[in-house]
Amino acid sequence: MNKKYKPLLRQINIVHVSDLHFGPNHRFQAEITPMADRPNDKGYPTLADSLTEDFKKLNLDGPVILCATGDFAEYGKAEEFDKAEKFFKDIFEAKIKEFPISKNNTFIVAGNHDVIYDAKTVDLRMQQWTEFYNRLFDDSIRRENQLEMCRIHDLVEEYGVVVLTLNSSLYVQKDTPDLSRGNVDFDQLTLIEEELEKFESEKLKNSIKICLVHHHPVLIPQLVESGRGYDAVLNSGTVLQILKRFGFHLVLHGHKHNPFVFTDDVEGVSTNGLSHPIFFSCAGSVGSTELPDGISNCYNIITVKYHPDGDQFRVRCETRTLNTRDERGYNRLPKNWYWTASKEYDRFFQRPEKVPVHSDKIISRKFDKEKDANVENLRTQVYKDTRGYLPFVQVKPSLMNGQAYEAICEIVKHQSPRAPDDSMVKLKKVVWTAGEYFDVNEVMYADDPACRVSIQYYGSMLIQATMHFEDGHTVTQHIYAPLPKVESGDGG
């Protein structure tokens with residue numbers, strides 16, 4: 001491979017919030033008294049204040065966008081949207097140096113609670129939402145033209161990202177089957193297909209592609225609620241088929257106040273049988289008091305790394321949960337509420353044709369104890385020298401901005417009756433090195449029995465592991481971290 005070649009890299013951090021529910025069921029306000037009134041909120045932080053403080057603690061590498069997937073209001077009232085508008089403007093004005101969020105990198109979609117659901121026509125039901133959107137983004141969406149709410153946002157030059165916003169709440173209406181479920185109608189589907197087809201193909205191919213929608217397109221068992229019927233997105237199969245066809249990586253949604261991530265690995269909705277899975281993130285609720293049993297308010301921090309040349313991408317999703325109680329179970333004062341990481345998911349994906357397959361020209365024969373004795377002697381000697389401790393490497397797209405790949409190295413203990421008698425002598429430490437351009441890493445076995453390290457790199461390399469045992473014995477082993485196969489060497 002040409003030493004000057006550096007693969008085209010795309011990386012983005014996504015703050016995913018959903019279901020803020022400004023109104024009577026909002027978390028960040030004084031509770032209703034037995035007299036059914038709400039006292040002064042003095043001493044309560046706002047949701048914007050609370051999140052801003054948490055953002056300052058995060059150490060994100062690379063650009064950031066904010067995605068909010070609906071239910072900003074409780075009843076679609078003007079005063080609820082006023083609070084939602086203030087929330088966003090407070091976030092924008094916070095101007096966190098390492099975490100710049102503005103209206104230019106914020107994307108939102110409407111939720112079922114954002115409509116006036118007893119109004120008779122779509123334009124009247126969406127009126128307050130439309131006015132809120134236009135004030136927030138200095139836009140001119142017209143309530144009578146709902147397709148204007150379905151948009152493809154081109155951020156390829158700034159962030160290497162394309163964001164598709166869908167409106168699944170157009171038909172939410174009182175006393176109809178659409179009250180709970182979402183619907184992406186065929187007008188929207190036709191529009192997004194036509195707009196994606198018009199998008200410059202190479203530009204689209206080389207971008208991270210994210211879809212926002214409020215209702216869940218895939219109804220997994222954990223998101224089913226008794227008595228709600230089918231409350232996912234109608235026409236979701238067609239939605240997913242279009243997203244797969246154009247290589248979308250993520251679908252972010254809300255609606256259910258229960259945080260989940262999952263992937264769509266079903267190839268039946270693919271047009272070519274070669275699409276990578278789509279990663280789905282349900283963010284839970286960042287601001288409602290109406291939560292499932294055992295679930296707290298939360299939001300997600302999602303980091304995506306995409307290598308267009310190899311069509312490989314990696315997603316890490318961290319769910320951050322609001323802590324309102326102390327270690328003894330007592331309620332904290334609101335000013336002492338804080339967010340902390342509660343779950344983390346890390347997934348790596350590549351298109352099926354990139355998975356290596358065995359050659360059909362392999363010549364196989366039975367192992368011959370006499371002819372292959374030397375092979376067995378050599379293997380036994382390695383087990384003896386290493387005392388059964390063997391280095392191992394996994395290669396993934398790196399989540400460090402500007403780096404291509406990450407070699408995750410660790411020591412694996414081989415459990416075998418062939419292990420030598422001194423295999424019971426404990427490993428003391430491992431010294432990892434990949435040459436003059438990399439740090440030398442020393443890991444103590446007592447601190448991490450896997451002696452794990454992560455090495456960020458651009459090109460294939462030989463990694464050395466020197467193992468030191470408690471009785472003074474040392475042994476050095478080498479493992480190769482290849483540069484995963486790419487389609488071309490021109491860097492895109």
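What percentage of the 492 residues of the protein chain count as buried? In this predicted model, the figure is 51%. The chain exposes about 24400 Å² of surface, and carbon and sulfur atoms supply 49% of that area. Its secondary structure comprises nine helices and 21 strands. Among the contacts with a separation of 6 or more, 69% are between residues 24 or more positions apart. The paragraphs below move from the interior of the chain to its surface.

Leaving aside neighbours within four places in sequence, Val-304 is in contact with Arg-10, Gln-11, Ile-12, Ile-14, Ile-208, Leu-250, Phe-313, Arg-314 and Val-315. Val-304 can also be compared in position with Ser-398: the two are 94 residues apart along the chain, and their C-alpha atoms are separated by 9.5 Å.

Is Thr-263 buried or exposed? Its relative accessibility is 18%, and buried means under 20%, so Thr-263 counts as buried. When residues up to four places away in sequence are not counted, Thr-263 touches Pro-277, Ile-278, Phe-279, Phe-280, Arg-347 and Phe-349.

Most residues other than glycine have a negative phi. Asp-19, in the loop between β1 and α1, has a phi near 55°, a positive value in a residue other than glycine. Asp-19 is buried, with a relative accessible area of 0%. His-255, in the loop between β9 (250-253) and β10, has a positive phi as well, near 75°. The relative accessible area of His-255 is 8%, and this residue is likewise buried.

Attention now turns to charged side chains. How many salt bridges does a search of the whole structure find? The search finds 26. One of them joins Arg-379 to Glu-376, with the closest N and O atoms 3.0 Å apart. Both residues belong to helix α9 (residues 373-386), where they are three residues apart, about one turn of the helix. An α-helix has 3.6 residues a turn, so residues three or four places apart point the same way. Arg-379 is partly exposed, at a relative accessible area of 37%.

Another salt bridge is formed by the side chains of Arg-387 and Asp-471, at 2.9 Å from N to O. Arg-387 lies in the loop between α9 and β15 (389-397), and Asp-471 lies in the loop between β20 (461-469) and β21 (474-481), so this pair ties together parts that are 84 residues apart in sequence. The surroundings of the two partners can be described by their accessibility. Arg-387 is buried, with a relative accessible area of 5%, whereas Asp-471 is partly exposed, with a value of 44%.

A further pair is Asp-326 and Arg-328, whose closest N and O atoms are 3.2 Å apart in a salt bridge. Asp-326 is buried, at a relative accessible area of 16%, while Arg-328 counts as exposed, at 65%. Salt bridges also link Asp-82, Glu-85, Lys-89 and Arg-135 in a network.

Which residues form a negative patch? They are Glu-157, Glu-158, Glu-200 and Glu-202. Of these, Glu-157 lies in helix α5 (residues 156-159) and is exposed, with a relative accessible area of 69%. A nonpolar patch is formed by Tyr-75, Tyr-117 and Leu-179, which together have about 270 Å² of accessible area. Leu-179 is placed in the loop between β5 (161-165) and β6 (182-183). With a relative accessible area of 33%, Leu-179 is partly exposed.

Note on methods. Residues are numbered from 1 along each chain as its sequence is written. This is a predicted model: local features need pLDDT of at least 70, side-chain atom pairs count only at pLDDT 80 or more; totals for chains, interfaces and linings use all residues. Side-chain values use heavy atoms; hydrogens and water are left out. Patches are made of residues with over 30% relative accessible area and no salt bridge: like charges are joined within 9 Å, nonpolar side chains (Val, Leu, Ile, Met, Phe, Trp, Tyr) within 5 Å. Accessible areas come from the Shrake-Rupley method with a 1.4 Å probe; for residues, only the protein chains shown count as cover. A salt bridge is a side-chain nitrogen of Lys or Arg within 4 Å of a carboxyl oxygen of Asp or Glu. Lys and Arg count as positive and Asp and Glu as negative; His and the chain ends are not counted. The place of a charge is taken as NZ of Lys, CZ of Arg, CG of Asp or CD of Glu. Helices (H or I, at least four residues) and strands (E, at least two) are DSSP runs, numbered from the N terminus. Buried means under 20% relative accessible area, exposed over 50%, partly exposed in between (1.4 Å probe, protein chains only). Contact means heavy atoms within 4.5 Å.
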